[in-house]
Every structure is written in C-alpha cells, then in structure tokens.
Amino acid sequence: MKGGKTLGIIGVGLMGGSLALRAKKFNLFQHIIGVEKNQAHARQALEKGIVDETLSFPEALEKSDVILVALPVSATAEILPQILDQIQPHQFVFDLASTKEHIVNSVKNHIARQNYVATHPMWGTENSGPLAATEESFENKVLVICDAEDSREEWVKQTQDLYQKLGMKVIFMDSKSHDLHVAYISHISHVTSYALANTVLEKEKEERIFQLASSGFSSTVRLAKSHADMWLPIFKHNRENVLDVLEEHITQLQKFQTALIMERYNEIENYILNANKIRKILDKKI
C-alpha cells in the first residue's frame with residue numbers, strides 16, 4: 001500500500017476508526033475521508049483526528065483510491081453493490097464484516113466483482129463508536145481474506161500489504177469455511193455471554209449483589225455489552241452455522257446438568273479436564 005493514496009471509510013466507528021488511526025500511525029495514506037450518517041460520530045471522528053475530513057457518499061467515492069466499508073453485515077451487503085456500480089478501474093473496495101458468504105454472494109455476478117476484496121480482521125471489543133477506536137488495534141491479530149481468487153490479484157496484494165503493515169497475520173480462506181469457523185470461535189461466545197447475562201439478571205434482582213462479582217464474572221459477561229445493531233445481523237446471516245454450534249453447546253450443557261443431577265462427580269471432573277485441553281491450544285496461539 002502506497003502512502004500517497006486516499007482512503008475513504010464508510011462508517012467511522014470502532015472498526016473503521018481503529019483502522020484509520022493505525023494507518024495514520026504508520027503513514028499508510030496521504031489523506032483519509034470519512035462517510036458517516038451519525039453526525040455526532042462524524043464530529044467525534046474529526047475531533048479525534050481519525051479522519052481528515054468528512055464528505056457525502058458520492059463525494060468520497062469520487063475522491064478515494066481505496067474504499068473501506070466498515071458497517072454492520074446487513075448494511076455492508078446493501079451498500080457494496082452500489083459502490084461497485086460506481087467504482088473506477090483504478091479503485092478497489094474492501095470490508096471488515098464478520099460474516100462473508102452472504103456479502104460475497106451479494107456481488108457474486110457483479111461486473112466489477114474483481115474490484116472487491118473480502119476481509120475480516122479477527123479483532124473487536126464490546127464497545128462501539130469512534131470514541132472507542134484505538135491505534136493499537138489489530139496488532140498481532142489474524143486477518144482473513146476470503147475468496148481471493150475472485151478478486152484482482154493486484155488489489156489482493158495491496159490489501160494484504162496494508163494489513164501486514166498494520167501488524168496483522170494474513171491468512172486465506174473461502175467464505176463458506178470462514179463463516180463456519182467464526183461461528184465456533186466468535187459467535188457462540190457472544191450467544192453464551194448474552195445467555196449468562198440474562199440468566200443472572202433474571203435470577204438476581206438485587207443490584208448491590210453484583211458488588212460480589214469477581215473479574216471472572218466480568219470477563220465472562222463482557223461480550224454481553226456488545227450492541228444488537230451489530231450482532232443481530234451477524235446471527236441472521238450466519239444462522240445455520242450458529243444453530244449448528246448452538247446445538248453442540250446445548251448438548252455440552254446438558255451433559256454437565258445430567259452429571260450434576262445424578263451426582264456423577266467423576267464425570268464432571270473428566271468434563272473439566274477435557275475442557276482444560278483448550279489451554280494448550282490457546283497458549284500455542286499466544
């Protein structure tokens with residue numbers, strides 16, 4: 001990625017804002033334009049120095065060399081064809097959406113499909129908006145490029161180069177496999193966190209009791225603070241994969257429940273010991 005180019009970001013929230021701040025840290029673009037319907041977010045993005053200016057959607061498309069769509073899944077699938085309708089040969093667009101197959105299929109037969117690179121940075125927080133953006137984002141995280149064979153090789157190389165300069169490890173995967181795997185390592189975590197938060201809120205009516213909560217409880221329900229605006233579309237578009245992992249998750253809970261009802265404590269011990277194997281996998285990743 002050459003530093004003399006202009007980046008246009010559609011949606012200057014946590015993800016788009018964080019990428020912009022990190023790109024600025026390494027001087028990867030000469031100019032960064034923001035497109036943001038939320039006027040408060042647009043003002044915050046300017047005040048925080050995330051973008052150099054905010055423009056309308058058509059103006060940003062005209063002035064940008066590289067276009068980033070940093071919107072929720074449904075909005076990304078809706079706006080991407082509009083961008084490809086107007087994109088010029090010297091421009092390309094990439095996105096950050098958490099599910100890929102639905103989005104890729106939305107432009108599968110578009111004449112300008114090669115000007116789109118489907119990406120998903122495996123990073124995020126439960127917070128949202130430009131004030132939550134940080135220039136330390138993405139560092140040492142994994143970035144997935146999906147269905148690269150359907151994109152122009154030059155644009156794939158520039159996208160890969162950009163993310164590597166941001167400090168990410170880039171891997172390639174087809175969109176169908178991507179959506180299956182993220183259901184297991186990301187989406188089910190959010191379902192579980194929402195369920196736990198609702199369980200505790202239903203059973204524990206005294207707010208002062210939450211003063212007893214340790215860091216373990218806080219870290220487990222942290223994801224329950226994630227906004228519905230982002231996660232409802234993810235569950236919708238990755239429905240089949242989420243249902244598949246949810247079925248297995250419920251099976252595991254039922255195993256634990258049955259063992260506890262029957263007082264089979266050796267089974268519970270084995271259940272815990274088997275779960276402990278995840279430590280080796282995560283330690284190896286770190």
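Glu136 and Lys25 join side chains in a salt bridge, with N and O 3.1 Å apart; the term covers a Lys or Arg side-chain nitrogen within 4 Å of an Asp or Glu carboxyl oxygen. That pair ties together distant parts of the chain, 111 residues apart: Glu136 sits in the loop between strand 6 (116–121) and strand 7 (142–146), and Lys25 in helix 1 (residues 14–25). Helices and strands here are DSSP runs numbered from the N terminus (H or I with at least four residues for helices, E with at least two for strands).

A quick note on what you're looking at: this is a predicted model, where local features need pLDDT of at least 70, side-chain atom pairs count only at pLDDT 80 or more, and totals for chains, interfaces and linings use all residues. Residues are numbered from 1 along each chain as its sequence is written, and side-chain values use heavy atoms, with hydrogens and water left out.

**Salt bridges**

Searching the whole structure turns up 10 salt bridges. Glu136 and Lys25 also belong to a salt-bridge network with Arg22 and Glu139.

| Pair | Closest N to O distance |
|---|---|
| Lys100 and Asp95 | 2.6 Å |
| Glu267 and Arg264 | 3.7 Å |

How covered are these side chains? Glu136 is partly exposed because its relative accessibility is 40%, and Lys25 gets the same label at 37%. The scale runs like this: buried is under 20% relative accessible area, exposed is over 50%, and partly exposed is in between (1.4 Å probe, protein chains only). Glu267 is partly exposed at 36%, as is Arg264 at 34%. Lys100 and Asp95, on the other hand, are both buried.

**Two positive phi values**

Most non-glycine residues have a negative phi. Asn27 has a positive one, near 50°, and Phe138 has one near 75°. Asn27 belongs to the loop between helix 1 and strand 2 (31–35), while Phe138 is in the loop between strand 6 and strand 7. Are they buried or exposed? Asn27 is exposed, since its relative accessible area is 62%; Phe138 is buried, at 0%.

**Helix 7**

Helix 7 has 29 residues and spans 40 Å from first C-alpha to last, close to the 42 Å expected at 1.5 Å a residue. That expected span is 1.5 Å times one less than the number of residues. Where does helix 7 bend? The bend is at Ala183, by about 50°, taken as the angle between axes fitted to the seven residues ending there and the seven starting there.

Together with Tyr184 and Ile185, Leu180 makes a nonpolar surface patch of about 280 Å². Patches take residues with over 30% relative accessible area and no salt bridge, joining like charges within 9 Å and nonpolar side chains (Val, Leu, Ile, Met, Phe, Trp, Tyr) within 5 Å. The areas come from the Shrake-Rupley method with a 1.4 Å probe, and for residues only the protein chains shown count as cover.

Ser74, in helix 4 (residues 73–86), is partly exposed at 27% relative accessible area. Ser74 and His237 are 163 residues apart in sequence, yet their C-alpha atoms are 8.0 Å apart in space.
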